[in-house]
Structures are given as C-alpha cells and as structure tokens.
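Subject: Structure handover

Hello,

Here is the structure I said I would pass on. Please open it before reading further, so that you can follow the residues on screen.

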Amino acid sequence: MLLLLGKAIYVFTVRNSILDQIKQRRLTLGLKQSDMMLRVGVSRQQYQRLESKGNPRLDTLQLLAKGLNSELMLIPKEKLGGVMALLEQESSDSDRMHVSQAKKTSNEDAKKSLSDDPWQDLLGDES
C-alpha cells in the first residue's frame with residue numbers, strides 16, 4: 001500500500017486510491033489544479049487527467065508528492081495497523097494542541113488592560 005504523507009497528518013484507508021489521496025492533499029494545501037504547473041511542471045490539463053483517471057508512473061508520483069510537500073511510502077501489510085494507529089495518535093495530539101493554543105490566546109486577550117490597549121472600547125466595540 002502506498003500512502004501520501006505531508007506535514008499535516010492524514011489517515012487514509014486502504015480503499016482510498018492514491019489519486020484520491022493526491023487530490024485531497026492538493027485541496028488541503030489550498031491549491032488549484034493550475035497551481036501544479038508551477039510546483040510540478042505539468043500543465044493543468046495533464047494534472048487534471050492524472051488526478052481523475054490517470055495511471056501515473058512511479059517517477060510522476062514522486063514528482064507529484066514533492067510538489068505537494070509529501071512523501072510516498074510503501075508500507076508492508078503486517079505493519080499497516082501500527083502505522084495507522086501512530087498517524088491517528090499524532091492527529092489527535094495535534095488537534096489537542098490546536099485547542100490548547102486557542103484557549104491560551106483567548107485567555108491572553110481577556111487579560112489585556114487599558115494600558116495595553118488604549119483604544120479599547122473607544123467605539124463601543126467589545127472585541
């Protein structure tokens with residue numbers, strides 16, 4: 001099984017094709033198909049064909065992965081469960097870290113005093 005992994009953690013099941021994973025990674029990065037021309041060197045039409053129904057060669061997959069800040073990995077079936085568990089754990093740890101950071105930021109904002117922000121509530125805004 002091949003998994004496309006990037007800086008963010010994504011958990012894909014065996015049922016997801018590599019092409020679905022490539023598309024999902026591109027969308028997660030906020031990229032359009034036409035953006036891939038600059039990142040990978042293929043036209044929008046070529047990329048669209050690859051993403052929708054293509055049968056890309058290994059070197060093309062490696063090029064796409066690089067353009068999506070990702071890595072291709074071949075994972076033995078007997079290790080797949082452990083890899084998936086690790087990815088799920090890292091994903092939930094990352095989610096908890098984001099929530100903790102948001103709470104910290106809101107607490108810091110609430111503690112700002114008038115001396116920190118002399119324009120506070122000048123227009124009747126409470127934000």
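Below is what was found in it, going from the overall layout to single residues.

Overall layout

Please keep in mind that this is a predicted model. The protein has 5 helices and 2 strands, and along the sequence they come in the order β-α-α-α-α-β-α. Of its 127 residues, 24% are buried.

The core

Which residues make up the largest nonpolar core? There are 12 of them: Ile18, Leu19, Ile22, Leu31, Met36, Val40, Val42, Tyr47, Leu50, Leu61, Leu64 and Leu68. Four helices, α1 (18–28), α2 (36–40), α3 (44–53) and α4, each give at least two residues to this core. The largest share is that of α1, with 3 residues.

Tyr47, Leu50 and Glu51 are the buried residues of α3. Viewed down the helix axis, they fall within an arc of 90 degrees, so they line one face of α3. The face turned away from that buried side carries the exposed residues Ser52 and Lys53. The buried residues of α3 are covered by parts of the protein that include α1, α2 and α4.

Two packed helices are described by the angle between their axes and the distance between the axes. For α1 and α3, the angle is about 125 degrees and the axes are 7 Å apart. Angles of 65 to 115 degrees count as roughly perpendicular and those over 145 as roughly antiparallel, so α1 is oblique to α3. On the α1 side the contact is made by Leu19, Ile22, Lys23 and Arg26; on the α3 side, by Tyr47, Leu50, Glu51 and Lys53.

Salt bridges

How many salt bridges are there in the whole structure? The search finds 2. Side chains of opposite charge can pair when their charged atoms come close.

Another salt bridge is formed by the side chains of Arg57 and Asp59, at 2.9 Å from N to O. Are these two residues buried, partly exposed or exposed? Arg57 has a relative accessibility of 58%, so Arg57 counts as exposed. Asp59 has a relative accessible area of 40% and is therefore partly exposed.

Helix α4

Helix α4 covers residues 58–67, and its buried residues are Thr60, Leu61, Leu64, Ala65 and Gly67. Seen down the axis of α4, these fall within an arc of 160 degrees, so they line one face of the helix. Leu58 and Lys66 are exposed, on the face turned away from the buried side of α4.

Leu61, one of the buried residues of α4, also belongs to the nonpolar core described above. Apart from its neighbours within four places in sequence, Leu61 is in contact with Ile18, Ile22, Pro56 and Leu72. After α4 comes Asn69, which has a positive phi, near 50 degrees.

Regards

Technical notes
Residues are numbered from 1 along each chain as its sequence is written. This is a predicted model: local features need pLDDT of at least 70, side-chain atom pairs count only at pLDDT 80 or more; totals for chains, interfaces and linings use all residues. Side-chain values use heavy atoms; hydrogens and water are left out. Buried means under 20% relative accessible area, exposed over 50%, partly exposed in between (1.4 Å probe, protein chains only). The arc is that of the directions from the helix axis to the C-beta atoms. A nonpolar core is a set of buried Ala, Val, Leu, Ile, Met, Phe, Trp, Tyr and Cys residues joined through side-chain atoms within 4.5 Å. Contact means heavy atoms within 4.5 Å. A salt bridge is a side-chain nitrogen of Lys or Arg within 4 Å of a carboxyl oxygen of Asp or Glu. Axes are lines fitted to C-alpha atoms, for helices over the stretch in contact, and angles run from 0 to 180 degrees between N-to-C directions. Angles under 35 degrees count as roughly parallel, over 145 as roughly antiparallel, 65 to 115 as roughly perpendicular and the rest as oblique.
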